[in-house]
Amino acid sequence: MPTTMPKLNQPQTLSVIALIAAFLTGSVALNGCSITEEIKQIQKVQRAHDIQERARTEDLTGEQVYMRSCNTCHSKHGPAPLLDKLSEHFPDDEGLKKFIRQGKGLMPAQPASALNDKELDNLVNYLRNLNT
Ligand code: HEC
């Protein structure tokens, strides 16, 4: 029995080529689509991150920063000392800022990612006027 491949006639050859072409364009299109989806997803995450970042480092007033980050501990019934001896303990603003940036013991550090320089200025102004 002869084992030759069956010969395709011309219309059959054309349909095979059409099939392969359809498969290739289809997969390219699909691929393109999933890359677009991925980019969209990445942009979405990036946007959410930007929003979060802005919310965190928006230029808050000294009072807002204090209420958000300090008041829980530094209030009458909190575990931290009242901030009524600041002029005694920190006669200059630079020393006070350095202390706030670094934190100490239980007191958390306040890096620039949590408190920008302007907010730190606002906070120090607020603290200076707290007991006057
Ligand atoms: C988790 C609690 C906690 C938070 C929140 C906190 N602190 Fe403190 N803070 C402390 C403790 C405890 C000390 C005492 C540290 C020590 O001397 O060991 C302290 C000490 C201080 C001192 C020194 C006081 C002095 O008279 O010597 C300053 C100034 C200060 N904190 C400012 C701040 C500011 C400003 C914020 C907000 C950005 C803040 N703290 C947030 C717990 C906290």
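Residues are numbered from 1 along each chain as its sequence is written. Because the model is predicted, local features need pLDDT of at least 70 and side-chain atom pairs count only at pLDDT 80 or more, while totals for chains, interfaces and linings use all residues.

Begin with the protein chain in cartoon view, where there are five helices and zero strands, these being DSSP runs numbered from the N terminus (helices H or I, at least four residues; strands E, at least two). Of its 132 residues, 8% are buried, that is, have 20 or more other C-beta atoms, placed from the backbone, within 10 Å of their own.

Next, select Val65, Leu96, Ile100, Leu115, Leu120, Leu123 and Leu127, the seven residues of the largest nonpolar core; such a core is a set of buried Ala, Val, Leu, Ile, Met, Phe, Trp, Tyr and Cys residues joined through C-beta atoms within 7 Å.

Finally, select the ligand, which 21 residues surround (C-beta atom, placed from the backbone, within 6 Å of it). The closest are Cys70, Cys73, Ala80, Gly105 and Met107, and the elements giving two or more residues to this shell are helix H3 (86-89) and H4.

Technical notes: A residue is buried if 20 or more other C-beta atoms lie within 10 Å of its own, exposed if 12 or fewer, and partly exposed in between; C-beta atoms are placed from the backbone.
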